Amino acid sequence: MGRVIRGSRKGKSLIFTSKTRLRKGAVKLRAVDYAERSGYMKGLVKKIIHDPGRGAPLAEVVFHDPYRYKLKKELWVAVEGAHTGQFVYCGAKAQLAVGNVLPLAKMPEGTVMSMCEEKASDRGRFARAGGTSCMVVGHSDDGSKTRIRLPSGTRKSIPSTCRAIVGIVAGGGRMDKPVLKAGNNFHKYRVKRNSWPKVRGSAMNPVEHPHGGGNHQHVGHPTTVSRASVPGQKVGLIAARRTGLLKGGQKLKK
């Protein structure tokens, strides 16, 4: 009987959960209401703050509650060019300006936006990491669907009622600077979660990993493993359809 491998321990253990105590809160767009659907709401960027474990800065935006005498705070990812004291507008009638939130139906083709919703009123799913953005590729003839290009380059059709912030997420270019030393990685992952340093399977003993053991570090069998294999076996390329390098240029669809 071997030891429980790291991949299996991650599901159950609290050691590998993310470090959330100092995080600033859930980052979401405003909940959709009548004011946003039929007009617009004006908000004020109060402050731009750092969120531990997140590359992008956050903006704290304050709105008047449309129904009660009070203020509502929202946390958004800050877009490039946003600043404290800036007024931002949310809604179908808002202008196309950096920092404003409007439905994709109101954005012309080629608009660069971030914090885009996947389903209407889910409050932002795509392009939330530092320096990322989506682009409006086109609208369907009946205006119900909008085709967008995701940060990965994939195209996706989503409902035109989905909202997004105009502009690209701030904090880009973070990966351009080399890490240089292990201590920098230590501090980076300390605030994220326990996922570093990672010991290779082939560097372990046979009791700890299917790739462990043997004279010289080698796996000794194919690294592809079936979808139906038991949890202690499921390491490597799980249910791989193909392996190896991607050869040949990508053919553009006419």
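Is Asp-51 buried or exposed? Select it and see: Asp-51 has 2% relative accessibility and counts as buried (buried is under 20% relative accessible area, exposed over 50%, partly exposed in between, with a 1.4 Å probe and protein chains only).

Before moving on, a word on what is on screen: this is a predicted model, where local features need pLDDT of at least 70, side-chain atom pairs count only at pLDDT 80 or more, and totals for chains, interfaces and linings use all residues. Residues are numbered from 1 along each chain as its sequence is written, and side-chain values use heavy atoms, with hydrogens and water left out.

**Stop 1**

Arg-54 is partly exposed at 23% relative accessibility. By this rule the count comes to 11 salt bridges.

**Stop 2**

Now pick Glu-60, in strand 2. Strands here are DSSP runs of E, at least two residues long, numbered from the N terminus. Glu-60 is buried at 12% relative accessibility. Show its surroundings and you'll find that it touches Leu-44, Val-45, Lys-46, Lys-47, Lys-73, Glu-74 and Leu-75, leaving aside residues up to four places away in sequence (contact means heavy atoms within 4.5 Å).

From that list, select Lys-73. Lys-73 makes a salt bridge with Glu-60, the closest N and O atoms being 4.0 Å apart. Lys-73 sits in strand 3 (residues 71-77) and Glu-60 in strand 2 (residues 58-64), so the pair ties together parts that are 13 residues apart in sequence.

**Stop 3**

Go to Glu-74, which forms a salt bridge with Arg-123, closest N and O atoms 3.5 Å apart. This pair links distant parts of the chain: Glu-74 is in strand 3, Arg-123 in the loop between strand 6 and strand 7 (134-139), 49 residues apart. Glu-74 is buried, with a relative accessible area of 13%, while Arg-123 is partly exposed at 23%. Then select Arg-30, Asp-33, Glu-36, Glu-117 and Arg-163 together: salt bridges that share partners join them into one network.

**Stop 2: strand 10 and its neighbours**

Next, colour strand 10 (residues 163-166). Strand 5 (residues 101-103) runs antiparallel to strand 10 and is joined to it by 3 bridges; two strands pair if DSSP finds at least two bridges between them. Within that pairing, Val-101 stands opposite Ile-165. Strand 6 (residues 112-114) also pairs with strand 10 in the antiparallel sense, over 2 bridges. Here the bridge partner of Ser-114 is Ile-165.

**Stop 3: the cysteines**

How many disulfides does a search of the whole structure find? The search finds 0, taking a disulfide as a pair of cysteine sulfur atoms within 2.5 Å. Select Cys-116: the nearest cysteine sulfur, that of Cys-134, is 5.2 Å away. Cys-116 is buried, with a relative accessible area of 0%.

Terms used
Helices (H or I, at least four residues) and strands (E, at least two) are DSSP runs, numbered from the N terminus. A salt bridge is a side-chain nitrogen of Lys or Arg within 4 Å of a carboxyl oxygen of Asp or Glu.
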